Amino acid sequence: MPDARCLIDRYASYLPVTERTPRLTLGEGDTPLVRARSLERETGVSEIWLKVEGQNPTGSFKDRGMVVAVAKALEGGARVVLCASTGNTAASAAAYAARAGMSCTVVLPAGQVAAGKLAQAIAHGAHVVAVRGGFDAALAVVRALADEGEAALVNSVNPHRIEGQKTAAFELCETIGDAPDALFIPVGNAGNITAYWKGFVEAAKTGLARQRPRMYGYQAEGAAPLVRGVPVAHPETVATAIRIGNPASWKGAVAARDESGGAIDAVSDSEILDAYSFLARCEGVFAEPASAAAIAGLRKRARTGGLGGAKRVVCVLTGNGMKDPDRARSLAGDIPEVEATPDAVRAALRA
Ligand code: AN7
């Protein structure tokens, strides 16, 4: 029985795969596109859709690129995959390496990875090392290690990652019947915005879409090198997934912005957390803080009239809210603990 959910099979003609490439899969891709009515009411945009990438097997968009990168590494005879990560890449690499029977080493910025992501890397049996420093320092370390040894580097500097991630743009075109007018997406290491743009350009060439969207990328104010035009030495943000000061795909992000007539802007941590709560409470969709940066960006652009008449907008929700339980918990006060009686519970609800 063919595995319909195997991303490599579904998009083989668009991917750098051959018949010899292992059909590795955990059921990645084919994620839901959910209408965001509350956000439409607030912004006045006719149609807003959420591409819920948090429903991928390990809870983030990384699985699309990772399945291709790990399958190609396996095909090429590698035994070990290696990456630096703010968390989601590590979780995804660990899972696909386990699936492929390979070993996995992940290098993380110490103390800066959300609990769910770390738990995943550990559960899947990755060798986890935390370095003193941020993601950029961790990436420099794994690049040096990969240059010396036999481990396959599966960060988005590996072109197979970008190839796999572009499939999300194809899915959007297939589901909607065309590319949207505008795409909102969070930007960290800038691989994903690069991948989406590559996908939309190819979709327009092959007739999968008639138009190409304007690309709107959002960084956190304290970690906004692309907005400032220079690397940020000490990036800071509550959205730890995008706490990156020197994105590897800098050029790709700038090309996506300029060729599409879009923008890359910054949103503050408080705008990110507002959008995070709004999504969870008003749309019923729980995404992680980094994903909420795209929503914060859309709200900001709608307020200032910067949407250029876009009628159909897609926001990419890159990661699942359950990745970062501590953030959700920190937004609530103490949970009342009372006797197990209806009266006591009623009293607690009134308090
Ligand atoms: C939820 O896992 O960089 O701009 O090491 O986890 O392609 O980097 C994660 C990035 C957005 C930014 N949303 O994407 C990593 C890592 C979430 C993320 C991004 C990330 P890129």
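Helix axes are lines fitted to C-alpha atoms over the stretch in contact, and the angles between their N-to-C directions run from 0 to 180 degrees. Helices (H or I, at least four residues) and strands (E, at least two) are DSSP runs, numbered from the N terminus. The structure described here is a predicted model, in which local features need pLDDT of at least 70 and side-chain atom pairs count only at pLDDT 80 or more, while totals for chains, interfaces and linings use all residues. Residues are numbered from 1 along each chain as its sequence is written, and side-chain values use heavy atoms, with hydrogens and water left out.

We can start with the helices. Two packed helices are described by the angle between their axes and the distance between the axes. Helix α4 (residues 88-100) packs against helix α5 (residues 115-123) at an angle of about 25°, with the two axes 8 Å apart. That angle makes α4 roughly parallel to α5, since angles under 35 degrees count as roughly parallel, over 145 as roughly antiparallel, 65 to 115 as roughly perpendicular and the rest as oblique. The crossing of α4 and α5 is left-handed; a crossing has this hand if the near helix is turned anticlockwise from the far one by less than a right angle, and is right-handed if clockwise. In terms of contacts (heavy atoms within 4.5 Å), N88, A90, A91 and A94 of α4 meet K117, Q120 and A121 of α5. By class, this contact has four nonpolar, two polar and one charged residues. Here Ala, Val, Leu, Ile, Met, Phe, Trp, Tyr, Cys and Pro count as nonpolar, Asp, Glu, Lys and Arg as charged, and the others, Gly among them, as polar.

Helix α4 also meets helix α3 (residues 62-75), where the axes come within 9 Å and cross at roughly 40°. This makes α3 oblique to α4. The crossing of α3 and α4 is right-handed. On the α3 side the contact involves K62, D63, M66, V67, V70 and L74, which meet N88, T89, S92, A93, Y96, A97 and A100 in α4. Sorted by class, the contact of α3 with α4 has eight nonpolar, three polar and two charged residues.

Turning to the strands, six of them form an open sheet with mixed pairing, in the order β1-β2-β10-β7-β8-β9. The edges are taken by β1 (33-35) and β9, each with a single partner strand, so one side of each is left without a neighbour in the sheet. Neighbouring strands of this sheet are turned by 25° against each other on average, direction ignored. Two strands are said to pair if DSSP finds at least two bridges between them.

Strand β7 (residues 182-186) runs parallel to β10 and is joined to β10 by three bridges; A182 has V313 as its bridge partner in β10. With β8, strand β7 pairs in the parallel sense over five bridges, and F184 has Y216 as its bridge partner in β8. Is β7 mostly covered or uncovered? Five of its five residues are buried, so β7 is mostly covered; buried means under 20% relative accessible area, exposed over 50% and partly exposed in between (1.4 Å probe, protein chains only). In a regular strand the side chains alternate between the two faces of the sheet. In β7, A182, F184 and P186 point one way and L183 and I185 the other way, and all are buried.

Strand β8 (residues 214-220) pairs with β9 in the parallel sense over five bridges, with Q219 standing opposite A266 in β9. Four of the five residues of β9 (residues 263-267) are buried, so this strand is largely enclosed by the rest of the structure.

N320 lies in the loop between β10 (312-317) and α14 (325-330) and is buried, with a relative accessible area of 17%. Setting aside residues up to four places away in sequence, N320 touches G54, G59, F286, A287 and E288. V157, in the loop between β6 (152-153) and α7 (159-165), is partly exposed at 29% relative accessible area. Under the rule that leaves out residues up to four places away in sequence, V157 touches R143 and A248. E339 sits in the loop between α14 and α15 (342-350) and is exposed, with a relative accessible area of 60%. The C-alpha atoms of E339 and L82 are separated by 50 Å, the two residues being 257 apart along the chain.
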